[in-house]
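Student: Hi! I'm new to this one, could you walk me through it?
Tutor: Happy to, let's open it up.

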Amino acid sequence: MGVHEGGRCGLVDPAGVQLMEAARWAAQKLGDTDFIPSTTVGVTTYDTCGGGEAVLKAGVTAMVEGGYLDSPHCSESPHVGVIHTHPENDQLASFLEDLEVPSIAVSDADLTPQLAVLMPLLWRLNWTSVAVAAPSVEILKQFGHLAAAARICVGTEVILPHTTSDQKVYRSVLEMLDTGKTGAVVLIGPQDRLHAALTSASMYNITHFDWLLAPTGPIQEELFQGLSSVGRGVLVVRRASQSVPEFGDHFKQMASVDPTLYPLFDPDDYVEEPSVFQSVFRLGAGIRQAVKEQCGGSGWCGNITFTISEQQTDGLDVVEALSIKSQTPRYQILLLAPNEEARLIFTK
């Protein structure tokens with residue numbers, strides 16, 4: 001999991017650290033509820049910050065240190081599978097498949113509910129023509145389809161770069177957005193890229209845009225408060241509901257006492273990373289599948305009497321054990337006004 005980001009991986013990734021802690025919490029929760037009798041479940045985390053090669057390197061290290069290449073009889077506490085956040089890394093998937101290591105990928109969260117809630121907001125703001133920037137062509141297409149159905153014109157589309165340290169690159173992004181001949185800009189993507197775009201606007205004195213941010217993960221509003229020269233204020237669409245409330249309570253407690261886990265953390269501003277649901281559910285389902293495959297009377301759990309019935313394949317036992325809620329996400333609209341506290345506009 002990408003727990004860090006930035007140059008030399010010196011910054012904590014707010015989304016990555018939530019997923020790391022979610023996996024650890026889920027394993028602990030499964031143990032506390034005796035989900036697999038007589039078995040203690042644990043998680044070993046490898047940070048994949050640094051790009052595709054770093055992801056593969058972390059995978060190789062995990063295989064060696066985790067003893068995946070050894071006989072399961074050689075270890076009292078063997079690793080039984082991999083959960084990772086890099087479904088787009090074909091090399092990692094092929095490597096794990098060649099070693100016959102069970103793996104589950106936590107993919108990017110479905111942004112449809114968040115993008116859909118933007119449309120009535122744009123009409124309320126009278127933004128019927130916008131420029132939009134997002135980290136992938138897929139997200140731009142998704143936004144474009146929703147905008148067309150809502151009769152909102154997309155003047156120009158731009159890909160947000162992966163880097164966050166090169167302000168000249170982001171100045172080029174802003175110049176391309178300006179070709180849309182509209183002052184309304186929608187930025188979709190991770191918090192660090194949105195922050196880099198606004199920082200570039202401030203640095204180059206670009207003040208004629210109105211901004212609407214749709215972060216794909218948690219957002220720390222304090223990071224945006226100093227950007228007073230980017231216009232009359234910045235609107236943010238922030239997720240206001242949790243799919244795993246019990247984890248939310250745990251994370252707020254952990255982060256408030258450990259500033260290295262989540263810098264500048266305020267429990268009142270906690271926003272659940274959408275992929276937490278996938279991380280928690282898939283870890284539980286993956287462990288259950290590992291037990292089903294490995295506990296047939298031999299191997300690392302030969303003495304376990306736990307059995308899996310067909311009725312459990314829908315995952316209801318995982319949902320119940322991990323206190324997962326199924327609900328339509330709710331979103332808050334915040335105004336990040338210059339030199340002021342974030343102000344709640346409305347919740348939908």
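Student: Is Thr-48 buried or exposed?
Tutor: Thr-48 counts as buried, because its relative accessibility is 8% (buried means under 20% relative accessible area and exposed over 50%, with partly exposed in between, using a 1.4 Å probe and protein chains only). Bear in mind that this is a predicted model, where local features need pLDDT of at least 70, side-chain atom pairs count only at pLDDT 80 or more, and totals for chains, interfaces and linings use all residues. Residues are numbered from 1 along each chain as its sequence is written, and side-chain values use heavy atoms, with hydrogens and water left out.

Student: Where is Thr-48 placed?
Tutor: Look in the loop between α1 (14-32) and α2 (52-65); helices are DSSP runs of H or I, at least four residues, numbered from the N terminus.

Student: And what does the side chain of Thr-48 reach?
Tutor: That side chain reaches the backbone nitrogen of Gly-2 at 3.1 Å.

Student: Which residues is Thr-48 in contact with, leaving aside neighbours within four places in sequence?
Tutor: Met-1, Gly-2, Ala-54, Val-55, Ala-58 and His-86, where contact means heavy atoms within 4.5 Å.

Student: New topic: which classes of residue make up the lining of the second largest cavity?
Tutor: There are 6 nonpolar, 3 polar and 3 charged residues. Nonpolar covers Ala, Val, Leu, Ile, Met, Phe, Trp, Tyr, Cys and Pro, charged covers Asp, Glu, Lys and Arg, and the others, Gly among them, are polar. A cavity is a set of points on a 1 Å grid over the protein atoms alone where a 1.4 Å probe fits but cannot get out, and lining residues have an atom within 4 Å of a point.

Definitions and conventions
Helix = DSSP H or I, 4+ residues; strand = E, 2+ residues; numbered from the N terminus. Polar contact = N/O pair within 3.5 Å; in protein donor to acceptor, adjacent residues only side chain to side chain.
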